[in-house]
Amino acid sequence: MAHTISRRAKISLAVLGFLLAIPAVALVIVLNYDWNRARPWLGARATEALQRPVELRGNLSLTWQKQALPPQARSWRDHIPWPHLVAQDVHVGNPAGLPAGDTAAARSLAFSLSPFALLGRKIAIPELRFDQPQLDLLRQADGRNNWTLPKRPPFEWRMELERVVFTRGTIKLDDAQQQIAATAHVDTLDNDPRYGVQWTLAGKWNKQDISGKGKTGAVLALRDTGLPFPIQADAKIGLVSVAAEGTLTNPAQLAAIDLQLKVAGASAARLYALTGLLLPETPPFSTAGRLSGHLAEGASQWTYEKFTGRVGDSDIAGTLSYQQRQPRGLLTGSVHSRLLQFADLGPLIGADSNAKKEERGVAAVQPAGKLLPVETFKTERWTALDADVGFRAERIVRTKELPLSKLETAFHLKDGVLRLTPLNFDFAGGRVASKATLDGSSGEAVAATLDATARHIKLRQLLPKLPELKQATIGEINADAKLTAKGNSVATLLAHSNGELKTLVNDGTVSKLLLEQMGLNIGNIVLTKLFGDKPVHLNCLAGDFGVRDGLAQTRYFIADTDDATVRINGAVNLASEKIDLTMKPESKGLRIISLRAPIYVRGSLKQPDVDIDKGVIAMRAGGALALGALAAPAALVPLISAGGEGDNQCASLLAAAREKPKAPPPGKTQR
């Protein structure tokens, strides 16, 4: 019996020893096996999985190491070593159909593998480390690229990668779709408590130079998505410079972003290539604020909040938000300005000089002899997003002061149709109220409508710095305009405009000095021709223009003063920018007056020519000399005019001004 038990014990011990020997032998084999023999097999399996060539050209080794796990994850497993694989000189090629070359390469690739996770059919890699990686990212014009991995059928094994660590390396991007050819050099930082990597960038984007530098964290967390990834960057792309500092959350998916952002550039419109946001043409600008965003598939949201800055010489502040949605994103927010320089509004319609156009990155297209801006609207961008943005300015200043203030407007862009409702501002004690619609949904010519009224504009407040005119200049200006047009610039819109314009000035004083202060050079010259260099009391002035295909024709245009009634006839051709107006003064009362004759205002809008009819003067003067031989009193007859209908003129003008102007639909000719 004892012999039997002893035999059974020997068998049991032998079996147990054999079972224990298997992992021991396996461990010895693993530790002593030349893993370089497995390189072709591992490369083939990786090639099959990635569907692109993978080569392990250097040494392949396997060691066993204990893992430095975070405190919350430590347990008895800390004392068990994990397999640690190191592969030297690794290359991953481009997929089929793209030029031969590497998508990625690294001097070495190293990672540890959790042996316990393998029991649950899971490949758990706590850290993947790259030494001197090189990425050559390529996208062709047809959209094919080398960074999109093939979709694989469901696999029984799962893979978990917690973080990526990289040292010195190079990242190149050659993108034919976005026209980007850029290279970033990455290097490690020592003894920096916040950042572990520094980088520099250089290249081209849409034929514009791009450059930059910055810092990031050294460890890219892929599983702990709540761990912020620090980033600091200073970059310049063409005419735009960007400085940012903050954090990314879950940077592999760009789930969230929180940055202090500074942006400056030659024009806000230059941001379109970077952001896809449709912003207007502006003078040089700079802003600083907080950019935060949450990115989700098809529903990203961004907010640039409490930003401040300058556009030209004007200050701006506000908050803008962008929401990704279908079929277009939506830009909302409000912007305000305490002091808005009038000249800074010029680029909105292309009304700045060719030199300024070149500074903000557009072609110098304005012809030397043209006054109306010919810079075309970029309507192909109007369907890129919708917008509801309010803007207000407390005070508006121009070089020669005009009392403008409290500009209030809202930009409503939807389906390529831009509505400015309202477009109002205070002016010289009165109010200008208007609304405008610009329909650019066709992507070609803009169909525009304008409905504007000006009420109670005080002549006295037009010249607050001239105390000698404060008491004399007491009249008001009232005006109405209804216009429709179709074109692709301010010049072509006015060249194809139709509608009516009416204006009325009652009971005021007009002088050469007043017109000089307002910058009205034509009126300045005309006033000197008619009345000399002196203030003239104006009972009323009324004008009514009918506009047809860009030709503004006078229906009536009359100025009534104490001395005379001046009738103006003719037209202003907005297509050719030519003026052809004739001013005929009619004296009041039986009085001897100067040798008045018709005055012609001709030439171009940019360089008008004002001249008096010398033939009429010569005829009147010659008649006086001939009659002088007969009787001296008779010689005065050609120089005397009888009074007329001036006393009742203003009443009829006021009655006519009460009729509201009308305008046909955009693009339709007025009949």
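## A guided tour of the predicted model

Begin by selecting Pro422, which lies in strand E21 (residues 417-427). The model on display is a predicted one. The peptide bond that leads from Thr421 into Pro422 is cis, and its omega is near 0 degrees. A further cis peptide bond runs from Gln326 to Pro327, with omega near 5 degrees. To find Pro327, display the loop between strand E17 (314-323) and strand E18 (329-341).

**The whole chain**

Of its 671 residues, 40% count as buried. Among contacts with a separation of 6 or more, 51% link residues 24 or more positions apart.

Select residues 430-439 and 446-458, which are strands E22 and E23; they run antiparallel and are joined by 9 bridges. Within this pairing, Ala436 has Leu450 in E23 as its bridge partner. The hairpin has 6 residues between the two strands, and Gly443 in this hairpin adopts a positive phi near 80 degrees. Thr449 and Thr484, the latter in E24, stand opposite each other. In a regular strand, side chains alternate between the two faces of the sheet.

**The nonpolar cores**

Which residues touch the most other members of the largest nonpolar core? Select Val335, Trp382 and Ile457, which hold that position in a core of 64 residues. Strand E19 (residues 385-397) supplies the largest share of this core, with 6 residues. Centre the view on Ile457: beyond its neighbours within four places in sequence, its contacts include Phe427, Ala428, Val432 and Ile477. Arg431 and Glu476 are also among the residues in contact with Ile457. A second, separate core has 12 residues, including Val54, Ala87, Val90 and Ile125.

**Aromatic pairs**

The structure holds 2 aromatic pairs. Display Tyr304 and Phe307: their ring centres are 5.1 Å apart and their planes meet at 10 degrees, so this pair is stacked. Both Tyr304 and Phe307 are buried. Then move to Phe545 and Phe557, whose ring centres lie 5.6 Å apart with the planes at 70 degrees; the pair is therefore edge-to-face. Because Phe545 belongs to strand E26 (residues 536-548) and Phe557 to strand E27 (residues 551-561), the pair ties together parts that are 12 residues apart in sequence. Phe545 is buried, with a relative accessible area of 16%, and Phe557 also counts as buried, at 17%.

**Residues with positive phi**

Is Lys306 buried or exposed? At 70% relative accessibility, Lys306 counts as exposed. Lys306 is located in strand E16 (residues 301-311), and its phi is positive, about 50 degrees, although it is not a glycine. Asn191, in the loop between strand E8 (180-188) and strand E9 (197-205), has a positive phi near 60 degrees. Asn191 is exposed, with a relative accessible area of 81%. Finally, select helix H2 (residues 39-50), whose 12 residues reach 16 Å from first C-alpha to last, close to the 16 Å expected at 1.5 Å a residue. Directly after H2 comes Gln51, with a positive phi near 55 degrees.

Methods: Residues are numbered from 1 along each chain as its sequence is written. Side-chain values use heavy atoms; hydrogens and water are left out. Helices (H or I, at least four residues) and strands (E, at least two) are DSSP runs, numbered from the N terminus. The expected span of a helix is 1.5 Å times one less than its number of residues. Buried means under 20% relative accessible area, exposed over 50%, partly exposed in between (1.4 Å probe, protein chains only). Contact means heavy atoms within 4.5 Å. Two strands pair if DSSP finds at least two bridges between them. A nonpolar core is a set of buried Ala, Val, Leu, Ile, Met, Phe, Trp, Tyr and Cys residues joined through side-chain atoms within 4.5 Å. Rings of Phe, Tyr and Trp (its six-membered ring) pair if their centres lie within 6.5 Å; planes under 30 degrees apart count as stacked, over 60 as edge-to-face and the rest as tilted.
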